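Please read the model below with its sequence at hand.

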Amino acid sequence: MSLDLEVNGHRLTVTADPETPLLWVLREELGLTGTKYGCGEGQCGACTVLVGGNPRRSCQVPLRAAAGKSITTIEGLEQNGKLHPVQQAFLDAGAFQCACCTPGMIVTSVALLRQNSSPSPRQIAQFLDGNICRCGTYPRILDAVARAAQAMKDSSR
């Protein structure tokens, strides 16, 4: 079946079973491998993308549910060769080791900062709850999100 998608601002048509998880279409059909396969059960957050602006576990989203909605992957966050402030903050804070969780953490953090531009450390931790970092870099991840929030405030002045 052919389905129309909007991925990272580009409209395209894919031919796939409508029940195929969005994750597999992004990685295997579209070559967007920044979105990671973690657990396949929607429990770890490694595969998080934005669907209609909301963070969703792409391993659990059937293709049919994403059709016609804006989908943003980690690759779609940079604009004109410049990293999104959350991406830059993760680099600056060294908020990753193996980087398996990093795309999902970043995408989820972008969603948070769109909803709340000045989150408290507790609000950051609560929003990221369910995104698992196997390396335990949570303190640096929380620091990176706070840095990104500040950078985004500073750039809007």
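**Cavity, sheet and backbone**

The largest cavity has a volume of about 50 Å³. The model in which it is found is predicted. Rolling a probe the size of a water molecule over the atoms shows where empty space is left. In this structure, one cavity of 30 Å³ or more is present. Which residues line the largest cavity? One part of the lining consists of Phe-96, Gln-97, Cys-98, Ala-99, Cys-100 and Cys-101, and the rest of Ile-132, Cys-133, Arg-134, Cys-135 and Thr-137. By class, eight of these lining residues are nonpolar, two are polar and one is charged.

The next feature is the sheet. Strands of a sheet pair through backbone hydrogen bonds, either parallel or antiparallel. Here five strands make up an open sheet with mixed pairing, and their order across it is β2-β1-β5-β3-β4. The edges are formed by β2 (10-15) and β4 (54-57), each of which pairs on one side only. On average, neighbouring strands of the sheet are turned by 40° against each other, with direction ignored.

Within this sheet, β3 (residues 48-51) and β5 (residues 70-72) run antiparallel and are joined by two bridges. Val-51 stands opposite Ile-71, which belongs to β5. Helix α4 (residues 102-115) packs on the sheet, where it touches β3 and β4. The direction of α4 makes about 35° with that of β3.

The last feature is the backbone angle phi. Most residues other than glycine have a negative phi, and most peptide bonds are trans. Asn-80 is not a glycine, yet its phi is positive, at about 55°. Where does Asn-80 lie? Asn-80 is in the loop between β5 and α3 (85-93). Is Asn-80 buried or exposed? With a relative accessible area of 80%, Asn-80 counts as exposed, because the cut-off for that class is over 50%.

Ala-99 is another residue other than glycine with a positive phi, in this case near 75°. Ala-99 is placed in the loop between α3 and α4. The relative accessible area of Ala-99 is 27%, so this residue is partly exposed.

Conventions:
Residues are numbered from 1 along each chain as its sequence is written. This is a predicted model: local features need pLDDT of at least 70, side-chain atom pairs count only at pLDDT 80 or more; totals for chains, interfaces and linings use all residues. Side-chain values use heavy atoms; hydrogens and water are left out. On a 1 Å grid over the protein atoms alone, a cavity is a set of points where a 1.4 Å probe fits but cannot get out, and a pocket is an open set with protein on both sides within 12 Å along at least five of seven lines; lining residues have an atom within 4 Å of a point. Grid points are joined across faces, edges and corners, and a volume is the space filled by probe spheres set on the points. Ala, Val, Leu, Ile, Met, Phe, Trp, Tyr, Cys and Pro count as nonpolar, Asp, Glu, Lys and Arg as charged, and the others, Gly among them, as polar. Two strands pair if DSSP finds at least two bridges between them. Helices (H or I, at least four residues) and strands (E, at least two) are DSSP runs, numbered from the N terminus. Axes are lines fitted to C-alpha atoms, for helices over the stretch in contact, and angles run from 0 to 180 degrees between N-to-C directions. Contact means heavy atoms within 4.5 Å. Buried means under 20% relative accessible area, exposed over 50%, partly exposed in between (1.4 Å probe, protein chains only).
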